[in-house]
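Subject: Structure for you to look through

Hello,

Here is the structure I said I would pass on. Please open it beside this email while you read the notes below.

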Amino acid sequence: MARTRKTGQHRNAHKQPQSQVVAVYMPRVELCAPKLAKMNSKNLNPSSFKNAFMQTLRGQGNGLLTAHLYHEPAHDTGAKDTHDLGVDAAAKSRSNRLLYGGLAWEAFVQEGGSYDILDSDMNAIEKAMKAGLIDKLPQTMNIIEYGPGGKSGVRKPAHLLQAIRQHPSGRTINSYTAVDILNRFATESALEIHEEFNLRAFAVVGDFTSKNKLALPRNTGSVPVATSFGGGFANAPDYSPIQGRNGKSNAAVHFSQMNRQHGLGSYLLMTYHCERDPAKLMEEYRRTENLEAFILSGFVRAIGEGVIIDKGYDPFSHWEIDPTYDDKIHAVIEYAVCKDDHSVATREETFHFKQGARIPMTLSHKWNKADYKEILGKAGYEIMNDASNENETSPHGIILAKAVRKPSCP
Ligand SMILES: C[S@@+](CC[C@H](N)C(=O)[O-])C[C@H]1O[C@@H](n2cnc3c(N)ncnc32)[C@H](O)[C@@H]1O
């Protein structure tokens, strides 16, 4: 008898897991360039940094560089400064105190000043929850966040997840997936959510403006809820200078891709900013050292990747940033303004810039609920919440939409 009992205990002990795979790190690959044939009249691939940079210098579009600025050289801890980028002596001596790419973005968010979107978005989420947002979400869901932005940005989905978990309706979240163009932002966000909620969390590096489907983990038995905070989709590029798609059409294409990715019945929860008072916007987007470092990262990256031939070229001595509100397209454009007459040699052509020349680097559309109704409608989504939070006192709104039909966009 005693022997049998011992064997049974032994077997039971084996049933308890003694070890577990908790993280898998994948070797980085060069993500293949998606085919976006109709994106603009020249059929260039705007998803490649080089094309976006060259088209920007040629004046072929506005805001083509935004996604490419959230960049760090290919190692997981990120570049501390421009030293790590293959930028040469002269430029280094001036700019090595300046942050680059993703780190410049984070420093800009940390300094609070102009980018108060953290608190404003949190308030919008909070108000929407008080107005019954969680009751409108599916009973069992998997959350896929588009552009979480790393440790600070991920506070927004964390706030939402906590509220869903505490809600009396007993809704279940099966998993959280962070999709970001920057490896570090995706992995940091997934880890933060995993740590805080002990939830299955995935980090996916990908471009949500790409035509190709994102490589998302398979999830059965739960409804996808895509989230986007901080206005990532409002940065849609504008190719109207070369008779290509404008910002709204491009945003509709990006949401259409989201619809195809997750399918009919999936949800989208997104915040938006629709301030249109130029004075307030100019204050919010005013120049700070970190914001300038982030935006001029486009030039630094071009030097690091050999697009600009002169490794000693110092973008900070030739350019400064200046925001402008364009009322026709309802967008803040951050321009790089040329400080002196000079030339920039690239492998394909040499550009001669005059003092005062303006290059539209980034674009942030201030679309309101009516604009999103139009954009999302083309992408096959229907808005599900009446209370958008957008009112006279707050230009920050939140939209819950559902994919109810196939997109009419390509
Ligand atoms: C404006 S920030 C918002 C960050 C965060 N959600 C917040 O609210 O503070 C945009 C985020 O989207 C990511 N991103 C920008 N363009 C992207 C793209 N085309 N595909 C995937 N991620 C992108 C950036 O790396 C960044 O994390």
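T271 sits in strand β5, which spans residues 267-273; strands (E, at least two residues) and helices (H or I, at least four) are DSSP runs numbered from the N terminus. The model is a predicted one, in which local features need pLDDT of at least 70 and side-chain atom pairs count only at pLDDT 80 or more, while totals for chains, interfaces and linings use all residues. Residues are numbered from 1 along each chain as its sequence is written, and side-chain values use heavy atoms, with hydrogens and water left out.

Is T271 buried or exposed? T271 counts as buried because its relative accessibility is 2%. Buried means under 20% relative accessible area, exposed means over 50%, and partly exposed is in between (1.4 Å probe, protein chains only).

The side chain of T271 makes a polar contact with the side chain of D121 at 2.9 Å. A polar contact is a pair of N or O atoms within 3.5 Å; within protein, one must be able to donate a hydrogen and the other to accept it, and residues adjacent in sequence count only if both atoms are side-chain atoms. The T271 side chain also reaches the backbone nitrogen of G230, at 3.4 Å. Beyond four places in sequence, T271 is in contact (heavy atoms within 4.5 Å) with residues including I125, S228, F229 and I398.

Next, the cores. A nonpolar core is a set of buried Ala, Val, Leu, Ile, Met, Phe, Trp, Tyr and Cys residues joined through side-chain atoms within 4.5 Å. The largest one has 41 residues, of which F53, F299, I308, W319, F353 and I359 touch the most other members. Helix α2 gives the most to this core, with 5 residues. Leaving out residues up to four places away in sequence, F53 touches L65, G298, F299, A302, V307 and I308. Another core, of 29 residues, lies apart from the largest one, and L268, W367, Y372 and A403 are among its members.

Last, the ligand. Which of the 18 residues around the ligand come nearest? They are G147, K156, D180, D207 and F229, where a residue is near if one of its heavy atoms lies within 4 Å. A ligand nitrogen atom lies 2.9 Å from a backbone N or O atom of F208, and one lies 3.1 Å from a backbone N or O atom of I181. On its own the ligand has 590 Å² of accessible area, and the protein covers 97% of that (Shrake-Rupley method, 1.4 Å probe).

Regards
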